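This report looks at charged side chains that pair with one another and at the pockets of a protein model. Please keep the sequence and the structure in view while reading.

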Amino acid sequence: MLETPRLRLRHFSETDLEPVFAGLSDPRVVAYYGLSYRTLDECREQMAWYKAIEVARTGLWLALETRSTGCFAGAIGMYGLDPEHQCAEFGYWLLPEFWGRGMMHEAARAFLPHVYASLPLHRLLAQVEPPNHRSTRLLKRLGFQYEGLSRECERKDSHFISLENYSLLRSDPAARAGLCPSTLQL
């Protein structure tokens, strides 16, 4: 488990199904996110995926909960770890009631050094839809470097969208400078 002053980053449990569904079915949360769910059964598959990528050592997603109340707040993770090239993708989401409080910045400052210390990871990629200014600001504050725009590279709903690309390398200071020591073992 990783802890920050306000958050606990922990493995997902069965009791997280409903709050994960609440987030990943909320149009505000998934507006710039790559997936959404209409039913609890669909969301159960997401929960199974969290566990499967951890077992396969191709990723790690952690639940975020508040230390003061134990409320589920969102999730943070990396996935698609390519062992040869030592790269993966970075993602995160928060329930709307936690937006604008700096919680994801706090969570990422603990999570990023942990994954760089625990895994054979050289590079993390984060992709952001251009209108998602909050996510862009977060990545820049975390030390991710803007690499450019992939024009109309994905289909979403019935149209193509472009994605901004940001990366964080193991050698970047932000990959090493966390808020707290890691006690989580993969």
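Aspartate 41 is exposed, with a relative accessible area of 53%, where buried means under 20%, exposed over 50% and partly exposed in between, for a 1.4 Å probe and protein chains only. Arginine 44, at 42% relative accessibility, counts as partly exposed. The side chains of these two residues, aspartate 41 and arginine 44, meet in a salt bridge with an N to O distance of 2.6 Å, a salt bridge being a side-chain nitrogen of Lys or Arg within 4 Å of a carboxyl oxygen of Asp or Glu. They stand 3 residues apart in helix H3 (residues 40-55), so about one helical turn separates them; helices (H or I, at least four residues) and strands (E, at least two) are DSSP runs, numbered from the N terminus.

The model is a predicted one, in which local features need pLDDT of at least 70 and side-chain atom pairs count only at pLDDT 80 or more, while totals for chains, interfaces and linings use all residues. Residues are numbered from 1 along each chain as its sequence is written, and side-chain values use heavy atoms, with hydrogens and water left out.

Salt bridges that share partners join Glu3, Arg8, Arg10, Asp16, Glu65 and Arg67 into one network.

Within this group, arginine 67 and glutamate 3 form a salt bridge at 3.6 Å, N to O. Arginine 67 lies in the loop between strand S3 (60-66) and strand S4 (72-82), and glutamate 3 in strand S1 (residues 2-3), so the pair ties together parts that are 64 residues apart in sequence. Arginine 67 is partly exposed at 36%, and glutamate 3 is also partly exposed, at 29%. Aspartate 16 and arginine 10, whose closest N and O atoms are 2.8 Å apart in their salt bridge, are both buried.

## The second largest pocket

A pocket is found on a 1 Å grid over the protein atoms alone, as an open set of points where a 1.4 Å probe fits, with protein on both sides within 12 Å along at least five of seven lines, and its lining residues have an atom within 4 Å of a point. The second largest pocket has a volume of about 190 Å³, a volume being the space filled by probe spheres set on the points, which are joined across faces, edges and corners. Helix H3 gives the largest share of its lining, 6 residues, and Arg44 is among the lining residues.
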